[in-house]
Amino acid sequence: MGYYIGEIVKLRKRFFKECEGKEYTDALKTGTGIIKLYKDNNSASGLEYANDLNNLAIVYDDLMSHEKAVKIYKEVAQIRENEDCEDSLLYADTLSNMAVALSLDGKHQEAYQYHRKALKIRESQLENTHCDCIMSLYNLGSACEDLKKTDRALTYFETAIKRAKNQPKLKKSDYADIILGYARVLTEKGRYKKALAFYTKASEILKKEEGEKNFYYLSTLLDTAVLCEKAKIYKKAIQFYTQAINVRRKLLDKTHLDYVTNINALASVLAKDGQYDESIKKHKEVINIIENLMGQDHPFYADAFNNLAVDYLKKKDYSNAVEYVQKSLDIKAKASGKESVGYSVSLETAGKIYMESGNYDIAEKSFSQSLDIRKKLSGGKDLLYIEALMNMARLYRKEKKYGMSAQYYYDAIKVRKELDSEDNIGLAVNLHELSQMLIDAGKIEEAAKIAEKSLEIRKNVYGKNHPRYARGMYYLSQIYMKCGRIEEALNLLISALGLQNEYVGEKSNDYKDTLDEIIDDELKAAEIYSEKSNIDIAVEHFETAKLYINKKNEYDYTKLNVRFANLTAKSGHIDEAFNMLDNAEKDIIQKNGECSGEYTDFLIEKGKVLITSGDLKKAESCLFKCIETDYLLGSDVHKDEIFVILGNAYIAEEDIKNARKYFSSVSKNSKNKWYPIAQEGLKLCDENEKDIKLNNVIAVKEELEKNNNTETKEYADTVWQLGKVCESCKNDEDAEKLYNISIDKRRSINALEDDFAKNLIRLASVMKKNGHIQEAAGIFEEAAEHIKSEEGECAQYAKTLLRAAKAEADCSNIMKAEKLFEKVRKVMLHIFGENDDSYLAVCYDITVFYIKCSNKRKAGVMFEYLIEKIAENENSMFSEDKYQQKLNRLADKIKKM
């Protein structure tokens with residue numbers, strides 16, 4: 001008996017020595033030997049045995065054999081529960097160790113239950129600020145983190161941190177563990193700003209306690225950098241990546257691939273921060289390392305060139321971008337082949353470079369080749385294939401081929417849905433891009449619905465209290481703004497800014513983007529409402545914009561004052577507006593001089609304020625000074641805008657002559673945005689002139705009626721002119737009534753000379769437009785008979801009779817219509833002969849008539865006759881392709897009758 005106890009003591013010393021030296025394989029053999037001695041001597045029970053068994057389990061944990069460790073811990077727990085009691089601290093230690101092993105083995109729910117039991121025992125035996133109680137809370141937080149029970153995890157971590165502050169005996173490294181656990185869960189919840197504070201605190205503790213030369217400190221720096229990148233706090237991310245790289249240099253050789261990975265990560269953030277030259281330097285450093293380490297034929301070497309090409313693309317240096325992506329493609333073709341995923345990655349980069357540089361045909365070839373490769377490799381069922389579809393969609397969107405673009409977007413969305421649930425962030429991103437394309441295509445309502453669906457997905461994935469949801473609100477606001485839903489857009493932005501302020505902070509690029517968007521949209525809203533003469537609302541938006549501008553460190557108040565001086569004037573503060581302009585003018589002249597683009601922009605706004613103040617002549621002088629300054633600068637960029645401004649000003653003054661002069665002077669160019677506005681101005685001039693004419697005609701009519709001169713041709717002509725004004729104003733019902741009065745008056749006084757037939761035709765045309773087709777048919781026929789009485793059976797007679805025939809056909813007066821058609825045919829045949837297009841056109845109309853009447857025999861006879869006569873005339877217009885297509889359609893209809 002004494003022998004084996006002595007051997008156990010001896011082996012135990014060796015075991016601890018091997019553990020201290022981290023010789024875990026040897027320790028495992030020694031520990032197993034100790035347990036064997038217990039069993040060989042029938043002493044495999046009791047607390048001594050349990051202690052040695054527990055030590056063996058710890059070694060299995062260190063060797064990552066968690067399943068074996070758990071099995072042993074369970075045996076230890078049973079012994080300690082029986083021998084010591086279920087409330088003993090040793091029993092709690094075993095439960096805690098076992099729970100940790102279970103977590104490492106992926107059995108998180110079971111681990112959580114054992115950690116809870118361990119905490120309960122410890123808190124019953126110890127002060128709740130005891131180190132073991134604090135670590136149990138930490139373990140429970142970690143278990144809940146593994147179980148995705150983030151709210152409960154936060155509660156455990158927060159309690160552990162609170163107690164740890166009052167426990168000086170707790171190891172600083174353990175305190176750092178607790179803080180890091182808390183920071184991880186905060187990150188998961190999207191509370192990046194708070195998480196960053198705790199990551200920073202943990203890294204400071206580890207640096208102080210364990211020094212910089214350790215991997216735990218390194219990994220903490222990297223985790224902090226990744227968090228900053230997620231939060232888009234790029235300056236901080238660069239700082240932490242740089243610190244991590246410096247530590248990495250001290251721990252590993254510079255040629256280690258982990259070092260290369262860290263350099264690439266830093267380069268990526270530098271590019272996101274717009275520091276393209278620095279990013280290029282880092283990627284060139286990677287190229288040199290990989291070349292020395294692996295040679296020039298390795299895929300990693302090609303990847304490094306691809307990354308460099310992306311940098312140059314972002315810098316818009318397309319020539320260098322093309323050079324480096326081509327190097328990447330050449331290396332990958334040799335190393336992996338032209339059907340590999342790696343080759344397709346570089347093809348996608350090449351496509352982006354050519355797309356951004358405007359070489360759309362080459363871009364399409366690159367994207368199409370990549371799409372084919374990825375479809376072959378995955379069957380069109382992976383994320384890489386989706387990326388290729390999206391790039392094709394982006395290309396066609398850039399080319400304004402919206403139909404083709406939409407098809408690729410929808411294909412990408414379909415594959416995304418097949419791969420994952422409908423609630424995934426990738427789908428939300430795809431839908432947002434689709435909505436932007438639909439805006440470009442003019443499909444406003446459809447775009448808004450899809451953008452709303454995108455935001456709904458973000459809410460389902462992240463919840464409403466998350467920066468990614470706030471970013472989705474920012475995206476939707478952009479769509480709403482383009483849809484003209486101004487107030488909804490601004491409400492979304494303000495809500496998003498509040499979330500971002502709380503969860504990512506003011507240094508985040510997302511926060512800065514949202515703040516800038518609010519300012520821009522508030523200012524746009526001010527301008528839109530100002531243009532609509534809703535001055536009070538416009539001023540509210542302008543004042544709100546200024547409140548948000550105060551949140552920025554820098555802002556060009558001179559430009560702001562120039563831009564909105566006119567709004568200030570419109571709101572009734574003329575003197576204040578001119579004060580704003582006076583101060584701005586001094587500043588602009590001092591900085592840029594009078595011969596500058598900035599000064600011409602100023603003159604435009606000053607001209608608008610002068611117009612608002614009522615000094616049109618002074619405004620005209622100011623705006624022409626702008627044109628002269630542009631000329632000195634070799635430009636006419638403001639000329640058309642100024643002509644539109646002055647045209648509108650003179651319209652407001654009811655000076656139609658000057659308004660027409662300026663609107664007519666605007667350049668007739670389809671790409672000129674001021675041209676369509678000028679055309680609208682000219683229409684307004686016409687309408688104003690019509691109003692003047694209308695008033696004049698009404699005045700003449702009333703004067704004639706007052707003097708009982710209504711039974712005269714002058715009165716009939718005046719009423720006719722009044723009808724013409726109504727027709728030009730799209731008031732066709734009143735026009736018909738007035739035309740009828742005029743015609744009746746001319747009939748009653750027998751004034752049927754001059755343009756009576758033309759007037760009848762015009763009356764009939766308006767009747768037909770108003771749906772009074774039967775009446776129109778009679779008037780057309782009357783007009784034809786009047787022409788016949790004056791000029792005989794001429795072409796004009798036949799054409800007018802043809803209009804009567806078509807009107808009778810529309811009223812289903814088949815027999816009457818047929819007689820009229822036949823009369824028209826005979827007259828046209830007599831005048832033009834069988835092979836003339838004028839005659840053949842009548843035959844065509846008669847064929848159409850018989851088809852509508854369902855008279856297959858007569859339609860067939862007339863059609864065969866028509867085809868025969870067309871064949872005799874090689875120069876007939878009916879021989880042209882567009883008419884042949886019409887004839888083919890007629891033939892098909894006759895066959896189907």
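Start by selecting histidine 786: its side chain reaches the backbone oxygen of leucine 752 at 3.0 Å. That is a polar contact (a pair of N or O atoms within 3.5 Å; within protein, one must be able to donate a hydrogen and the other to accept it, and residues adjacent in sequence count only if both atoms are side-chain atoms).

This is a predicted model, where local features need pLDDT of at least 70, side-chain atom pairs count only at pLDDT 80 or more, and totals for chains, interfaces and linings use all residues. Residues are numbered from 1 along each chain as its sequence is written, and side-chain values use heavy atoms, leaving out hydrogens and water.

**Stay at histidine 786.** Histidine 786 is found in helix H37, residues 773-791. Helices are DSSP runs of H or I with at least four residues, numbered from the N terminus. With a relative accessible area of 13%, histidine 786 is buried. Buried means under 20% relative accessible area, exposed over 50%, and partly exposed in between, with a 1.4 Å probe and protein chains only. Now show its neighbours. Leaving aside residues up to four places away in sequence, histidine 786 touches Leu752, Phe756 and Ala757. Contact means heavy atoms within 4.5 Å.

**Next, select 881-896.** This is helix H42, with 16 residues. From first C-alpha to last, H42 reaches 23 Å, close to the 22 Å expected at 1.5 Å a residue. The expected span is 1.5 Å times one less than the number of residues. Colour Tyr883, Leu887, Leu890 and Ile894: these are the buried residues of H42. Look down the axis: the buried residues fall within an arc of 55 degrees, so they line one face of the helix. The arc is that of the directions from the helix axis to the C-beta atoms. What do they pack against? Helix H40 (837-852) and helix H41 (856-872). Turn to the other side of H42, where Asp881, Lys882, Lys895 and Lys896 are exposed.

**Move to 257-272.** Helix H13 has 16 residues, which should span 22 Å at 1.5 Å a residue; its end C-alpha atoms are 23 Å apart, which agrees. Its buried residues include Tyr259, Ile263, Leu266 and Leu270. The buried residues of H13 pack against helix H11 (215-230), helix H12 (234-251), helix H14 (276-294) and H15. Just after H13, find glycine 274, with a positive phi of about 85 degrees.

**Now the rings.** Rings of Phe, Tyr and Trp (its six-membered ring) pair if their centres lie within 6.5 Å; planes under 30 degrees apart count as stacked, over 60 as edge-to-face and the rest as tilted. The count comes to 19 aromatic pairs. Select phenylalanine 15 and phenylalanine 16: their centres are 5.6 Å apart and their planes at 65 degrees, so the pair is edge-to-face. Phenylalanine 15 is buried at 3%, while phenylalanine 16 is partly exposed at 36%.

Then pick tyrosine 312 and tyrosine 324. Their rings are stacked, 5.6 Å centre to centre with 5 degrees between the planes. Tyrosine 312 is in helix H15 (residues 299-314) and tyrosine 324 in helix H16 (residues 318-335), 12 residues apart. Tyrosine 312 counts as buried at 7% relative accessibility, and tyrosine 324 as buried at 12%.

**Finish with two lysines.** The charged end of lysine 149 sits over the ring of tyrosine 112, 5.7 Å from its centre. Lysine 661 lies over the face of tyrosine 662, at 4.7 Å from the ring centre. A charge sits over a ring if NZ of Lys or CZ of Arg is within 6 Å of the ring centre and within 35 degrees of the ring normal.

Terms used. Helix = DSSP H or I, 4+ residues; strand = E, 2+ residues; numbered from the N terminus.
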